[in-house]
Amino acid sequence: MIVKDHIQHILKEAVQLAMATHDQSFIELGDIEIEIPKKEEHGDFATNFALKASKKLGVPPRDLAQTIIEKIQSLVPDATLSVAGPGFINIKMPSSFWQNYILDIVKQGQSFGKTDYGQHKSVNIEFVSGNPTGPLHIGHVRGAVIGQIISNILEYSGYDVTREYYINDAGLQVEKLARSTYLRYREALGEHIEDIPEGLYPGDYLIQVGQDLVQKYGSKWLDTPEDEWIPIFREDAISAMMALIKKDLKELDIYFDLFSSEKALITEGKVDSALDELLKRDLIYTGTLPKPQSLQSNDDWTPEELLLFRSTQFGDEIDRPLKKVDGQLTYFASDIAYHYDKFMRNHERLINIWGADHGGYIPRLSSAVSAITDNKCQVEIKTCQMVKLTRGGEEIKMSKRAGTFVTLQDLIGEVGKDVIFFTVATKSSNTQFNFDLDAVTKQSMDNPVYYVQYAHARASSVLRKAADTFDIDLSSPDYDLRSLKDPQELSLIRKMSHFTHLIQLASEKLEPHIITDYLYELSSSFHSLWNSGKKNDELRFIQEENLENTVAKVLLVKAFQTVIANGLRCSNVVPMDTMERAIPVEDAPENSIKQA
RNA sequence: GCGCCCUUAGCUCAGUUGGAUAGAGCGUUGGUUUCCGGAGCCAGAGGCCAGAGGUUCGAAUCCUCUAGGGCGCACCA
């Protein structure tokens, strides 16, 4: 049960009773919103309903609020209610309500926070999808983190989630990969290769692949024509690159349910049949594009006949090509087929996590998906801005051309997976932000993820100590929780209760930072309560002379630990029972990320 | 030139879909160890929410314009 929903239910009933009192026939008043006040003086829950409805009903807001309050009181006799300010209704639940709530949390354990809000709808989420032309790098990190956490959150919210990686293994880029690999192959056979030509992939990671191919084939391909070795080298290089990428993903604790191949889509004829579908709907024609606006008026421009999709019918600026002049399919064409394929696999929601640099591509794809699925499916595309990597205020530039990019491996080596996840997730995905290496390495002690981990470890420590000191049986059905009456304790429980609806909120907005921010705040309340135990013995968790109180406190700590652990798991961070695994500053690895 | 996104404390960012006195961390100033882990806690300073209009009981949030930054604008994926 989500507490907020429960309260909303009660409020709804109270409003209906109040309407009768005011002699109003039913009027459409919209949703009754419950909010959790920022200030605790404003109670556990609040609603602005009276403010919103007063005009329609012709009753002053405070009067209306008073009537509603009386009705709520009759439904929940032991709640404390008040009218505040211009007409807010503040609701404060009795201590016993919160005390009993921790039993719910402890009982649910790892399931606490899960709901069936998503009704087991099938969601497909596609993310990372880096080209199979090299290892993952800093440009992929945000999509990886956001996609993975959103997947976790959606699962918690009761969706059936399929994590999918789309491999762009057709087209020009993988051909360039094949050519680059061929050069490394010749190099491994003793030939001196000056420089990897402009436009090919110069990265060192292909050296090993070249050597492996010599092991596999010997000098067999040295003097053969291009069209014989290209397919071989393409396949072998792609699988080598995917092995690298999968290794990167494994280190981030990201596992995909499915890797889909663009090439397979084409060879299986799925692209052709998707285009047929669009043709049936009269959305494809052969025509010419207008002159691009980015060209100057005196630039050369020869219009060409192309196969086009009528994306202008859906608000796009121009119609978009499905085939190139030479008759080859465009990436767009196979992307339509790919999304159609996902739809045909019975996914009800299609989510894509993209870099902001693909923003211009959204209108054409979403219009194509709407068209081909007859509006049964709307693709949801979440873009995230690039992460700017800085050290000491200086930006670390990357250049694919020069091969000077920061790999994900470098980043993991320097700051660790948990730090990456938490740091990236804490920012809302559509803002630009600086990932400052100094801030997360030199001062790693102050890093938010350790703060949260420390709270979890502290809770674990209390539970260990309690088990050593007392023989506590937490399975006994009767607890006296009345000693949990301090405002700090009740406030902590209240915050724990927010977890479930924040998971839902995060799953609606597709925003991981809602969870990581929450974990930080919850941890802060716990650390604060802990320290209050220094001054006030009654707040100490373990009270050697008072078993009854200790049991209550231990349950509180257990509940707290449960919520933090669940939240960390959502954030793809493994909860720690001790802090030993954290990297001390002096043992941190040497800086492997150099200024370009 | 056109389109999308962004602008909140010195720095990095929140702000519960229009609510109550705009909040955290870092940095800074001061305090805090008899103790279940001090990687913690408590207090202070720091704001014209980029700027100007508008919408209404009420705006950081919605609309218009302006300034600054990011991204995109051919058949490359």
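The notes below take up salt bridges, a surface patch, a helix and a sheet in turn.

This is a predicted model, in which local features need pLDDT of at least 70 and side-chain atom pairs count only at pLDDT 80 or more, while totals for chains, interfaces and linings use all residues. Residues are numbered from 1 along each chain as its sequence is written, chains are lettered from A and ligands numbered from 1 in the order in which they are written, and side-chain values use heavy atoms, with hydrogens and water left out.

**Salt bridges**

- The count comes to 26 salt bridges, each being a side-chain nitrogen of Lys or Arg within 4 Å of a carboxyl oxygen of Asp or Glu.
- One of them joins Lys342 and Glu126 at 3.3 Å, N to O, and this pair links distant parts of the chain, with Lys342 in helix α11 (residues 331-344) and Glu126 in strand β4 (residues 122-126), 216 residues apart; helices (H or I, at least four residues) and strands (E, at least two) are DSSP runs, numbered from the N terminus.
- Lys342 and Glu126 are both buried, a term that stands for under 20% relative accessible area, whereas exposed stands for over 50% and partly exposed for values in between (1.4 Å probe, protein chains only).
- Arg320 and Asp316 form a salt bridge at 2.9 Å, N to O, and both of these residues are buried.
- Glu489 and Lys553 meet at 2.6 Å, N to O; because Glu489 lies in helix α17 (residues 487-497) and Lys553 in helix α20 (residues 547-570), the pair ties together parts that are 64 residues apart in sequence.
- Both Glu489 and Lys553 are buried.

**Negative surface patch**

- Asp537, Glu538, Glu544 and Glu545 form a negative surface patch, where a patch takes residues with over 30% relative accessible area and no salt bridge, like charges being joined within 9 Å, Asp and Glu counting as negative, the place of a charge being CG of Asp or CD of Glu, and areas coming from the Shrake-Rupley method with a 1.4 Å probe.
- Glu544 lies in the loop between α19 (513-535) and α20, and its relative accessibility of 54% makes Glu544 exposed.

**Helix α14**

- Nine of the nine residues of helix α14 (residues 417-425) are buried, so the helix is largely enclosed by the rest of the structure; among them are Lys417, Asp418, Phe421 and Phe422.

**Three-stranded sheet**

- An open sheet of three strands runs in the order β13-β12-β14 with mixed pairing, two strands counting as paired if DSSP finds at least two bridges between them.
- The edge strands β13 (394-395) and β14 (433-436) each pair on one side only.
- Strand β12 (residues 387-391) pairs with β13 in the antiparallel sense over two bridges, and Arg391 has Glu394 in β13 as its bridge partner.

Conventions:
Patches are made of residues with over 30% relative accessible area and no salt bridge: like charges are joined within 9 Å, nonpolar side chains (Val, Leu, Ile, Met, Phe, Trp, Tyr) within 5 Å.
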